[in-house]
Amino acid sequence: AAERKRQREWGEEEVVFCLERVVDILAANRNRAFDRSLSLWPGVAGLAERGLRACGNNPSYYHERLVVNVLRLSIHMQPEKAQLGNIVGLYAHMTRLLTPKAFYSFGPRIVSGLRVFTRANAEVLEPPHWRVIFALLARFRYHPKAAVVAFEDLNAVCADKLPQPEVLMKPAVASACAFFPPSNAAATWSLVPTKDIFGTLLKLHEQIPAPADAKDGKG
């Protein structure tokens, strides 16, 4: 309600202008702004949550810019390892808050932001983070505009070399399989070509760790 009232008093363009200037300041001073002692990231996450809860089934230009700028901060803030879980969690939380209409509108933005974030932090993301990311990518499997990009993100992680395959093989396979068309769909219907899904599963199969006795030449 407060977000709506502010937009009525100032006008949506004025609210967006102020939002983006604040984000510019935070991004320019990211080394200080996101110091753990200042605890600014919870404030950013709270702003995103309040805005998206107010969004409902009427996503506006303000809500679109709110999503974009939160994603922008998550990408450019150069987070410490301890903060990565909060950021990954915010990506997941944002998608849960979105109504179907808002999910349709903002899905491509979220997937694109997640792609840049994962590529920038791939070396330091840990298994709990990857599990959330794999599940989040699978949520876009039926999104008409974001499904292909989400699958490309998943495939890129699996093709390069799955981090800690002994831990992440099952969630990665589950995420890839989620992109198969539903059982009640026509055999030819699929947002992601079936051959591409099988290709990703084959890449994952090739990375399955060999049993200990096989490594020792036994059996």
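A residue counts as buried here when its relative accessible area is under 20%. The model is a predicted one, and its secondary structure comprises 12 helices and zero strands.

**Overall picture**
- Read along the sequence, the pattern is α-α-α-α-α-α-α-α-α-α-α-α.
- Of the contacts with a separation of 6 or more, 72% are between residues 24 or more positions apart.

**Helix α4**
- Helix α4 covers residues 41-55, which is 15 residues.
- From its first C-alpha to its last, α4 reaches 21 Å, close to the 21 Å expected at 1.5 Å a residue.
- Its buried residues are Trp 41, Val 44, Gly 46, Ala 48, Gly 51, Leu 52, Ala 54 and Cys 55.
- Just after α4 comes Gly 56, with a positive phi of about 55°.

**α4 against α5**
- Two packed helices are described by the angle between their axes and the distance between the axes.
- On the α4 side, the contact is made by Trp 41, Val 44, Leu 47, Ala 48, Gly 51, Leu 52, Ala 54 and Cys 55.
- On the α5 side, the partners are Tyr 62, His 63, Leu 66, Val 67, Val 70, Leu 73 and Ser 74.
- By type, the residues of this α4 and α5 contact divide into 12 nonpolar, three polar and no charged.
- Trp 41, Val 44 and Gly 51 are among the α4 residues that are buried and also meet α5.

**α5 against α6**
- The crossing of α5 and α6 is left-handed.
- From α5, the residues in contact are Val 70, Leu 71, Ser 74 and Ile 75; they meet Ile 87, Leu 90, Tyr 91 and Met 94 in α6.
- The residues of the α5 and α6 contact divide into seven nonpolar, one polar and no charged.
- Val 70 and Ser 74 in α5 take part in the contact with α4 and in the contact with α6.

Terms used
Residues are numbered from 1 along each chain as its sequence is written. This is a predicted model: local features need pLDDT of at least 70, side-chain atom pairs count only at pLDDT 80 or more; totals for chains, interfaces and linings use all residues. Side-chain values use heavy atoms; hydrogens and water are left out. A crossing is left-handed if the near helix is turned anticlockwise from the far one by less than a right angle, and right-handed if clockwise. Helices (H or I, at least four residues) and strands (E, at least two) are DSSP runs, numbered from the N terminus. Contact means heavy atoms within 4.5 Å. Ala, Val, Leu, Ile, Met, Phe, Trp, Tyr, Cys and Pro count as nonpolar, Asp, Glu, Lys and Arg as charged, and the others, Gly among them, as polar. The expected span of a helix is 1.5 Å times one less than its number of residues. Buried means under 20% relative accessible area, exposed over 50%, partly exposed in between (1.4 Å probe, protein chains only).
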